[in-house]
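I opened a notebook on this structure. My notes follow in the order I looked things up.

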Amino acid sequence: MNDFAQSPSLTLLPAVDVAGGKAVRLTQGEAGTETSYGDPLDAAGEWAAQGAKWIHLVDLDAAFGRGSNAPILRKVIKQFKGVDIELSGGIRDDATLEAALESGAARINLGTAALENPEWAADVIGRYGEAIAVGLDVRGTTLAARGWTKEGGDLWEVLGRLEDAGCSRYVVTDVTKDGTLRGPNLELLREVTARTPKPVVASGGISNLDDIAALRALVPLGVEGAIVGKALYAGAFTLAEALDVAGD
């Protein structure tokens, strides 16, 4: 246990996914599977109170192309200034990117745009560097786009292209695991970290504290952090307990 305590820490990013003005969780990213958990401000406040250094904040309506929760997201970012926000969902052009950056988010997570508009994504990566991460949402080795409703190409081809563009960080989600509490896809994370020297944030499937310990064991390979969602909302463990295991 002492060896584990001395191993590098894993950064945890509790998720606040917003749809229809409420904090929700989806199963495998599918619209219509929402479970509502109330006010996003309350959810973010709970994670901040338990010691979160980062929050992964997602506008699901923008990701699905069915609306925007931008005013609520801005309110969350403004209210919790001591917590870094990674913002995701529907950021696909200069206007939405600039609005996201002006909101005060520390990092923007591009998804569909990085797959459908690679020239724009490369330009943005070049301009904003560390402020841009790219979400690689995967079923097998096929990427998912448009709120996970469309195929977005081959994982390894897209990763190679993003490496050439100088992408600073990847958020890797196994869509089949997300919201299922079936454990993270450690093999996928090992494969991705073997192909890039850039830090990787893991997402999808965390169900218990052992999963967090398993992800922490991948930190030396390049897994920098992990997004935690449904397990926290379902009460499988507290964020404080998870932060303790992560060494965060």
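**Entry 1: the whole chain.** I began with a definition: a residue is buried when its relative accessible area is under 20%. I keep in mind that this is a predicted model. By that cut-off, 52% of the 248 residues of the protein chain count as buried. I then looked up the secondary structure and found twelve helices and twelve strands. Next came the contacts between residues at least 6 apart in sequence. Of these, 70% join residues at least 24 apart.

**Entry 2: the annotated residues.** I checked the UniProt record, an unreviewed entry. Its "active site" annotation covers Asp17 and Asp137. I took Asp17 to begin with. Asp17 sits in strand S1, residues 11-19. Is Asp17 buried or exposed? I read a relative accessible area of 10%, so Asp17 is buried. Then I listed what Asp17 touches, leaving out residues up to four places away in sequence. The list is Lys22, Ala23, Val24, Arg25, Val58 and Leu60.

I turned to Asp137. Strand S7, residues 132-139, holds Asp137. Its relative accessible area is 15%, under the 20% cut-off, so Asp137 is buried. I also looked for a side-chain partner. The side chains of Asp137 and Thr173 are joined by a polar contact of 3.4 Å.

**Entry 3: helix H9.** I looked at residues 186-195, which form helix H9. Which residues of H9 are buried? I noted Leu188, Leu189, Val192 and Thr193. They lie on the same side of H9, because they cover an arc of only 125 degrees around the axis.

I then asked what covers the buried residues of H9. The cover includes S7, the strand that holds Asp137. It also includes helices H8 (155-165) and H10 (209-216). Strands S10 (170-174), S11 (200-203) and S12 (223-228) are in the cover as well.

**Entry 4: cavities.** The structure holds two cavities of 30 Å³ or more. S10 has the largest share, three residues.

**Entry 5: the largest pocket.** I moved on to open space. The largest pocket has about 250 Å³ of space. Of the 16 residues that line the largest pocket, Ser68, Ala70, Thr96, Ala99 and Ala100 are the closest to its centre. Which element gives the most to this lining? I found that H4 does, with four residues. Helix H4 (70-79), strand S5 (84-88) and helix H5 (94-102) each supply at least two residues.

**Entry 6: Ala48.** I ended with a residue in helix H2, residues 40-49: Ala48. Ala48 has 23% relative accessibility, so Ala48 counts as partly exposed. Not counting residues up to four places away in sequence, Ala48 touches Phe80 and Val83. I also checked Pro14. Ala48 and Pro14 are 34 residues apart in sequence, and their C-alpha atoms are 9.4 Å apart in space.

Definitions and conventions
Residues are numbered from 1 along each chain as its sequence is written. This is a predicted model: local features need pLDDT of at least 70, side-chain atom pairs count only at pLDDT 80 or more; totals for chains, interfaces and linings use all residues. Side-chain values use heavy atoms; hydrogens and water are left out. UniProt positions are given in the numbering used here, feature names are shortened, and annotations may be inferred rather than shown by experiment. Buried means under 20% relative accessible area, exposed over 50%, partly exposed in between (1.4 Å probe, protein chains only). Contact means heavy atoms within 4.5 Å. A polar contact is a pair of N or O atoms within 3.5 Å; within protein, one must be able to donate a hydrogen and the other to accept it, and residues adjacent in sequence count only if both atoms are side-chain atoms. The arc is that of the directions from the helix axis to the C-beta atoms. On a 1 Å grid over the protein atoms alone, a cavity is a set of points where a 1.4 Å probe fits but cannot get out, and a pocket is an open set with protein on both sides within 12 Å along at least five of seven lines; lining residues have an atom within 4 Å of a point. Grid points are joined across faces, edges and corners, and a volume is the space filled by probe spheres set on the points.
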